[in-house]
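Here are some short notes for a colleague who is new to this structure. Please read them with the model open.

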Amino acid sequence: MSTTSIPDLDRLMPPAPPLLRLDGVHMAFGKNEVLRDITLHIRKGETPVLIGESGCGETVMLKLLIGLLRPSAGQATFDGRVLTDLPEADLVRQRLRFGFVFQGAALFDSLTVFDNIAFPLREHTNKSNDEIEVLVWEQIHEVGLPGALLQRRPAELSGGQRKRVGLARALILKPEVVLYDEPTTGLDPIMSDVINELIRQTHQRHHVTSVVVSHDMKTVAKVAQRIVMLNPVSRIRPNEQQIIFDGDAAELLIASDPRVQQFVRGEAQSRVDLSQSSLSDY
Amino acid sequence: MSKAISPAPSGGRFLAGLRAIILGWGDISDFTLQTLGWMVRRRPSAGTMLPIFYQVGVRSVPVVGITGLFIGMVLAVQAFGEFTRFPPLRGWMGAAINGSVIRELGPVLAATMLAGRVGSAIAAELGTMRVTEQIDALTCLGVNPIHYLVVPRFLACVFLIPLLTVLADFMGVMGGAFISTQYFDIEPYQYWSQSQQKIGLWDILVGLFKSMVFGALIAIISCHRGFNAKAGAEGVGRAATDSFVLSFVAILVVDFFMAMFFNTLYVQIWPRE
């Protein structure tokens, strides 16, 4: 007689409907087409990492998911609600269920670190100053920063500290979804690993759905449950989708598409002819 | 064989230019309406307002005061040359100088100085916030950027620029009086009594109303330029420059139409004999 373990039961359950959806999304800025017919469904609790060459539209996808941008065609849906159909007040309520960690952290220059992290609490809750102080201290410890930084201005912080303050601000309202835009760009390898570890821990502690845009294969290896690779619109072949890979890390390593392998290995062959370029002069 | 790129037909360029102008006007009108809407819907907090009021108001006092003082003094020097050609008219110098300062030069030059000092700073600050994604961050945090960033700056400009204009007027009047009475020996009684006869409450109120309109123009143009800044240092620099140039042109154009309007209105209310 066979016994059914709990993971097997999970597999037998009907899959939960996607929390985040992009359906047939096109996006163009003027004549510059960035996304073409993108369909992507992300389930609750998933951690997909979006990869692809710079400029192929991953950040635009994040901004579509939170309703910062309206697609030129198609629709972005969050928790069953089409974001473009929502009135402004509802859209604001939905956005509060997200946290967004920007590439450059996007901390408010005129506020201290404390005020940056407390900003969402002051804007959207009726908590007293004492309660806010406790929550900010908890959050700053969670991202591994010393309390001594709280009275500093963003300009006085290092790149890694800024990213962690950005993460603390994104998490302070306990969001259900956290969007990370190139969280390790511009950081040294050790700080990159610290940020990757924080993304992983945040996912485990808070059971959030995390969508990460990254060009860093170490981030992919450390945090990705699912990897989605985009191809630039200018290089899409006839009858081909812009998403050229959608699978897990093991599948990524054995993907047959040479473009995927080229990206994973970081090889410039066929893109730059080194024998013809000025690099050969050196 | 390479293909020669032919220039777009002039008709097409004209239509594209016209479309860009119409879209630009639509965009700035929508921006203005949103600002006015948020101003009515929800008052910004004192914590947001006070630093901006300090930046716009208190920090502008020296530059506006000095500008006003020297406008009055230069006017006195220039007017004296003309009035000495007709000695009986020397007593009218006060009316001419003070009238010019209060009706036109005070409001226009104070607004111009503030377009340079305050408007460019607003455009550069908001432009930097745009290119560093701070404005997007506000939106993601459920805060409307127009309510949080534009409304306080709009209110500061609309309410403080008239006060700064009062300062510019006062300094201009004092500067003109000092040079006229102390340096050119104009009889002080004549100087002030002619001014009192020729300048009334109407002139002062019209000057203040104009400065409120100029304040609104500076705020809207500067914030709009900042919100639409293009990426990079060049984009922010261009936003700051554009905000000053557009504000300056708008001040002069609107001043002309307001001068025409108020002159007509004055004649309607108090017909000339």
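1. In helix α10(A), the buried residues are Arg259(A), Val260(A), Gln261(A), Gln262(A), Phe263(A) and Val264(A). Buried stands for under 20% relative accessible area, exposed for over 50%, and partly exposed for what lies in between (1.4 Å probe, protein chains only). Helices (H or I, at least four residues) and strands (E, at least two) are DSSP runs, numbered from the N terminus.

2. This is a predicted model, where local features need pLDDT of at least 70, side-chain atom pairs count only at pLDDT 80 or more, and totals for chains, interfaces and linings use all residues. Residues are numbered from 1 along each chain as its sequence is written, chains are lettered from A and ligands numbered from 1 in the order in which they are written, and side-chain values use heavy atoms, without hydrogens and water.

3. Helix α10 of chain A spans residues 258-265, and because 6 of its 8 residues are buried, the rest of the structure largely encloses it. The cover over these buried residues includes β3 (48-52), α8 (217-223), β9 (226-230), β10 (243-247) and α9 (249-253) of chain A. Just after α10(A) comes Gly266(A), with a positive phi of about 65 degrees.

4. Ala106(A) sits in the loop between β6 (98-101) and α4 (113-124) of chain A. Its phi is near 50 degrees, a positive value in a residue other than glycine. Ala106(A) is buried, at 3% relative accessibility.

5. Asp185(B) is in the loop between α6 (145-183) and α7 (188-198) of chain B. Asp185(B) has a positive phi, near 55 degrees, and is not a glycine. With a relative accessible area of 59%, Asp185(B) is exposed.

Methods: Contact means heavy atoms within 4.5 Å.
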